[in-house]
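I opened my notebook to record what I looked up in this structure, entry by entry. I wanted to begin with the packing of side chains and then move on to the backbone.

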Amino acid sequence: MIWPKQFQMANSLQIHETAVIQTARVNILIAISDLLDNNKGTDIEIPILLADAVYSPARNPKKDELIVSYKIGSEVADLEILLPSELAFDRSRLDSVFLLMDNLVSKSTQWRETEKKINTKKLITSNEMKEWRSPLKHTYEKILDLHERNWNGIWFRIVRNFFWSAIAGKFDVVVGNPPWVRWSKLPELYRERIKPTCDHYGIFSKQNFMVEMNLIYQE
């Protein structure tokens, strides 16, 4: 994707439901509509991403991880993503690989043929493929399975957004709001994923005002 120089703006990670993200993107399109008229035929991507501030695929500073594991999805489409860390946090290369995989999944292409196409297009080296074959095959076949069950959607784009958020760098401003969903109302799978982070940062509390917000863990 090309983002013309006159369109340059700060990246934004929108930690909200899809409707809010889409509204924010539409607002940007309205704001730059006059610039779009002068740049017809140019591909752009609105820099507003779906991300999760609590459950992030960011590197674990205490571990030298060669493979990154990240889980997303609902109870039905519970998806575990495995990616080589060198690829996962290289935005440009991950984009290229995921763009090809997304296209091939939509055609129900099996992994063996997909691997050949990745090699043919030289998106990764032959040595990298030897080391990365297992996690890439795992991730591809998981999403292919969802596609064959009519649950593909746009999984590669969703995964890419989450990994982009882990390498977005520093921000000048962070705007947040208090929790507005009770812990007991969060999906069970999601609670399991984020509980270690909540424990680590001492989010759970027995103070009265915290109990009112249901920020207290009960076995």
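Before listing any neighbours I wrote down what I would count: a contact means heavy atoms within 4.5 Å. I also noted that this is a predicted model.

Entry on L136. Which residues does L136 touch, once its neighbours within four places in sequence are left aside? I found L82, L83, P84, L87, M101, W111 and I124 in contact with L136.

Entry on the cores. I then looked up the largest nonpolar core, which has 38 residues, and saw that L136 is among those with the most contacts inside it, together with L83, F98, M101, I118, Y140 and F163. The elements that each give two or more residues to this core are the strands β3 and β4 and the helices α3, α4, α5, α6, α7 and α8. I also noted a second, separate core of 6 residues, which includes I21, A24, I32 and I48.

Entry on the strands. I checked β4, which covers residues 79-84, and found that 5 of its 6 residues are buried. Its partner is β3, residues 67-72, and the two strands pair in the antiparallel sense over 6 bridges. When I looked up I67, I found that its bridge partner in β4 is P84.

Entry on two helices. How do α4 and α6 lie relative to each other, parallel or oblique? I read that their axes come within 11 Å and cross at roughly 45°; angles under 35 degrees would count as roughly parallel and 65 to 115 as roughly perpendicular, and α4 and α6 are therefore oblique to each other. The crossing of α4 and α6 is right-handed. For the residues that meet there, I listed R93, M101, L104, V105 and S106 from α4, and E128, W132, L136, Y140, I143, L144 and H147 from α6.

Entry on the backbone. The phi of S108 is near 60°, and S108 is found in the loop between α4 and α5. The phi of K122 is near 55°, and K122 lies in the loop between α5 and α6. Are these two residues buried or exposed? I found S108 partly exposed, with a relative accessible area of 35%, while K122 counts as exposed at 71% relative accessibility.

Conventions: Residues are numbered from 1 along each chain as its sequence is written. This is a predicted model: local features need pLDDT of at least 70, side-chain atom pairs count only at pLDDT 80 or more; totals for chains, interfaces and linings use all residues. Side-chain values use heavy atoms; hydrogens and water are left out. Buried means under 20% relative accessible area, exposed over 50%, partly exposed in between (1.4 Å probe, protein chains only). Helices (H or I, at least four residues) and strands (E, at least two) are DSSP runs, numbered from the N terminus. Two strands pair if DSSP finds at least two bridges between them. A nonpolar core is a set of buried Ala, Val, Leu, Ile, Met, Phe, Trp, Tyr and Cys residues joined through side-chain atoms within 4.5 Å. Axes are lines fitted to C-alpha atoms, for helices over the stretch in contact, and angles run from 0 to 180 degrees between N-to-C directions. Angles under 35 degrees count as roughly parallel, over 145 as roughly antiparallel, 65 to 115 as roughly perpendicular and the rest as oblique. A crossing is left-handed if the near helix is turned anticlockwise from the far one by less than a right angle, and right-handed if clockwise.
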